[in-house]
Each structure stands twice: as C-alpha cells, then as structure tokens.
Amino acid sequence: MIFKKAMELKDYMTKARRYLHENPELGLEEHGTTRYIKKELLDMGIELQEIDMETGAIGLIKGEKPGKDICIAIRADIDALPIEEKTGVLYASKNPGLMHACGHDGHTAILLGTAKLLNTIRNEFSGIVKLVFQPAEEGRGGAKKMVEAGAMDNPRPDVIIALHGNSYLNAGEMGINERFSSASADSFEITVKGKGGHGARPHKAVNPVLCAAHIVTALQNIVSTEIDALESAVVTVASIHGGTASNVIADDVKLSGTVRCLQEKNRDFIKEKIERIVKGISMAQNCNYEMNYRNGVGALENDPDTVKELLQAVTDAWGENGKIVELEGPSMGSEDFPALSAVVGKCAYFRLGVGQEGKEIIDVHNERFDFNDDALPYGASVFTQYVVNKSK
C-alpha cells in the first residue's frame, strides 16, 4: 500500500522539511536550498535535467514498467518570505527576517519524499516523472522563468499537478476545486497630480486628496455594477499616501491596489474601467494623473478529467486514513503555477490539510505558521498514487 510506504518515509521528510524551515531563502536566491535538493536527488540516483537558472531543480525518474509513453510533472515551490519568524520551534529560521511562512518547506519535503518513493517502485509505472522544484513563487515570476529556461521541455509533460497546504483542513483531509482554484492577480499604481497650497486657501490650490477620495469610492463600483454577479472579481485599493501636514495641500497623492479575476475576459475589462474612472474624475477635479498597471499571474483553472484522476488517487492511496473535503469555492488569492500549467495544458492543483484537530488555526503568511509534519505522508502518497494510476 502506497500510503504505508509513505508513512515509512515520514522521518525522512520531516528531517528534510525542518532543515529547509531552518534555512529559508527568498525567491531567486535559493542557492543553498537548490544545492540541498540536487544533492538529495543525486543521492537517490535520480537524473537531473539541466536548466538555465541559478536556482531551482528538475529531477527525472523513468518508469520501468512497459506501458504508456507519458510524462507527468509534479511541482513544488521552494522559496520563503520576508517575515520575522515567531513560532518558537527548535528548528526556527536561522536567517533574520526570513521564514517559510507559506509552507514551501513542506511542499519541497513532500516532493523529495515522492521522489524517494517513486524511485523505489520504478517497476510499477511507465513513462517519465518530472519533479519540478520551482523557485520564486512568491511574486518574483519563478514559474515563468522556469518555462523560459526550458524546464517544461525535453520532455514536455502531458499533465502537471501540484499542492498547497491549507490550515483550515486537518492533516488527512484534501480539498479541491473542480474548475477554478485561484484568481489572476494584477496590480495598479495611480498618482493623482494637483497643485499644492495652504489649507486655509483651497481656492488657490488643486487638492489631489479630494480627487483621490472620489477615485477610491468610484473604483468600488466596478465589480458591483459592471461585472456579472455570477462571476468573481475583486478591485481593492490597498494603500493611499499624500500630504505631510494638516494645513498643507499636497501636490500629489499616490494610490495602489490589486485586481483579482477568475474569468480572463474580465481582466482587460476592469483595466479599461479603472482608467476611464481615473481619467474622468481627474478631469472633473482639474487634476492630472499617471497610472501604471501591471498584469501578473493568470487564474488557475483545473482540468476536470485530471481532477477526477487525482480524486481517485486520493481514494486509492488513503482509503480510510483520510477524506476528501468539498471546498466552498475558489480562492481569490493567486498562484504562479498557471505559467507552468498553461504550457502543459492539463493540470490539477489541490489543497492538502495541514491543520491539527483542536489546535488554533494559524494561516499561511503568518509569523507563527509552521507546516504540520503529519501531513507529509499524505501529500507524497497522493502524488505517487497518481503516477501509478496514470501510467496504467
């Protein structure tokens, strides 16, 4: 039974996870992490695929069972976050101001455990498994850089799967969305330019604060009045900066925010509406403006057939040891996994429970978050079972 074999590797994965947790590195700076991953793979006798990147790694495992000529990619992200850790654990971060607050240490340890497990059962699957250890998931475009570096070539995967820890599910639980898993993430910066002056003589100035206030209010109407109520989108103004004193009218005000969408058609639509609103209100208030709009990662859309295959793998691997939890809906958070899945075509992305029954829920990106080691065998067994099932 694959789950039993994964449980036998729990100590190995725990040791790996805690080493990684103790030695976090930011995206595109994961040099020590990369060396560790490559050494582990080479020690297992796993072939490394050369890619034109300083960080990140690709392992290739060739199945020995006659059958399908298929390539299955499994991805784990390896970077940490610029957060000062306050978990108090013995293996807490040694690097000041950095920690694995999103669980990428757990994701990496699971893929290393999967590599070790698959390597011992090569005779049970056919084709090639591509182990993708991706750097810089946290906003530095690591997935796109991997594609540009040839990580998805030679061979090109037929399908790619990945997971992310979820604190609201307990270890032994798995959640998945049949279609959309996470939203696209775009950002904007707006500078509203007026004319500074004394607060006692507003008629001698052009107040950009007033103009910016109207813009912030108006932007909130885009989703409520111009987006189909059955489609999901978010426009959030998250920061506003302007002025230095209570009696001085500033020359300019800076706004910034984020746009999240599930449907691709709404991304350009919302961008156009933001520009229309900013331009119209600025003209009405006798102000000028500059806007910088950046398209980020796309929405993560699962392939329904791959989802079914993954759910079957969970059932086969876990049996009575775990359960599948129906998620209420997709997250409006984002992931850069779509840069990889867009190249492959077929993908599935699931949420692995890392919570603990009866304990406080501490979500990711929190200074007290720590990946639950009890979840490691569950993740590795699903990945391994999926490979075995898919190659039949």
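This briefing describes the cores, pockets, cysteines and some individual residues of one structure.

The structure is a predicted model, in which local features need pLDDT of at least 70 and side-chain atom pairs count only at pLDDT 80 or more, while totals for chains, interfaces and linings use all residues. Residues are numbered from 1 along each chain as its sequence is written, and side-chain values use heavy atoms, with hydrogens and water left out. Helices (H or I, at least four residues) and strands (E, at least two) are DSSP runs, numbered from the N terminus.

**Nonpolar cores**

- In soluble globular proteins, nonpolar side chains tend to be buried together.
- A nonpolar core is a set of buried Ala, Val, Leu, Ile, Met, Phe, Trp, Tyr and Cys residues joined through side-chain atoms within 4.5 Å, where buried means under 20% relative accessible area, exposed means over 50%, and partly exposed lies in between (1.4 Å probe, protein chains only).
- The largest nonpolar core has 59 residues, and those touching the most other members are Leu 112, Leu 131, Phe 133, Leu 310, Trp 318, Phe 350 and Leu 352.
- Helix α11 (residues 376-390) gives the most to this core, contributing eight residues.
- Apart from this core lies another one, of 24 residues, including Ile 190, Val 206, Cys 261 and Ile 274.
- Contact means heavy atoms within 4.5 Å, and Leu 352, not counting residues up to four places away in sequence, touches residues including Ile 110, Leu 163, Trp 318, Phe 371 and Tyr 378.

**Pockets**

- On a 1 Å grid over the protein atoms alone, a cavity is a set of points where a 1.4 Å probe fits but cannot get out, whereas a pocket is an open set with protein on both sides within 12 Å along at least five of seven lines; lining residues have an atom within 4 Å of a point.
- Grid points are joined across faces, edges and corners, and a volume is the space filled by probe spheres set on the points.
- The largest pocket holds about 1,100 Å³ of space, and of the 42 residues that line this pocket, Glu 137, Val 297, Gly 333, Ser 334 and Glu 335 lie nearest its centre.
- Among the elements that each supply at least two residues of this lining are α5 (142-148), β5 (159-170) and β16 (347-355), and β5 gives the largest share, five residues.
- For the classes, Ala, Val, Leu, Ile, Met, Phe, Trp, Tyr, Cys and Pro count as nonpolar, Asp, Glu, Lys and Arg as charged, and the others, Gly among them, as polar; the lining of the largest pocket has eleven nonpolar, 19 polar and twelve charged residues.
- The second largest pocket has a volume of about 390 Å³, and Val 354, Gln 356, Ile 362, Asp 370 and Asn 372 are the closest to its centre of the 21 residues that line it.
- The lining of the second largest pocket has seven nonpolar, five polar and nine charged residues, with α2 and β16 each supplying at least two residues.

**Cysteines**

- A disulfide, taken here as a pair of cysteine sulfur atoms within 2.5 Å, does not occur, as the structure holds zero of them.
- The sulfur of Cys 102 is 18 Å from the closest cysteine sulfur, that of Cys 347, and is therefore too far for a bond; Cys 102 is buried, at 7% relative accessible area.
- The sulfur of Cys 287 lies 4.1 Å from the closest cysteine sulfur, in Cys 211, which is also too far for a bond, and Cys 287 is buried at 7% relative accessibility.

**Individual residues**

- Arg 17 lies in helix α2 (residues 10-22) and is buried, with a relative accessible area of 0%; leaving aside neighbours within four places in sequence, Arg 17 contacts residues including Tyr 91, Asp 105, Asp 370 and Asp 373.
- Asp 363, in the loop between β16 and α11, is partly exposed at 31% relative accessible area, and its C-alpha atom is separated by 8.8 Å from that of Ala 101, although the two are 262 residues apart along the chain.

**Backbone geometry**

- Most residues other than glycine have a negative phi, and most peptide bonds are trans.
- A cis peptide bond, with omega about 5°, joins Asn 154 and Pro 155, and Pro 155 is placed in the loop between α5 and β5.
- Ala 136, which is not a glycine, has a positive phi of about 55° and is buried at 1% relative accessibility.
- His 365 has a positive phi near 65°, and this residue is partly exposed, with a relative accessible area of 42%.
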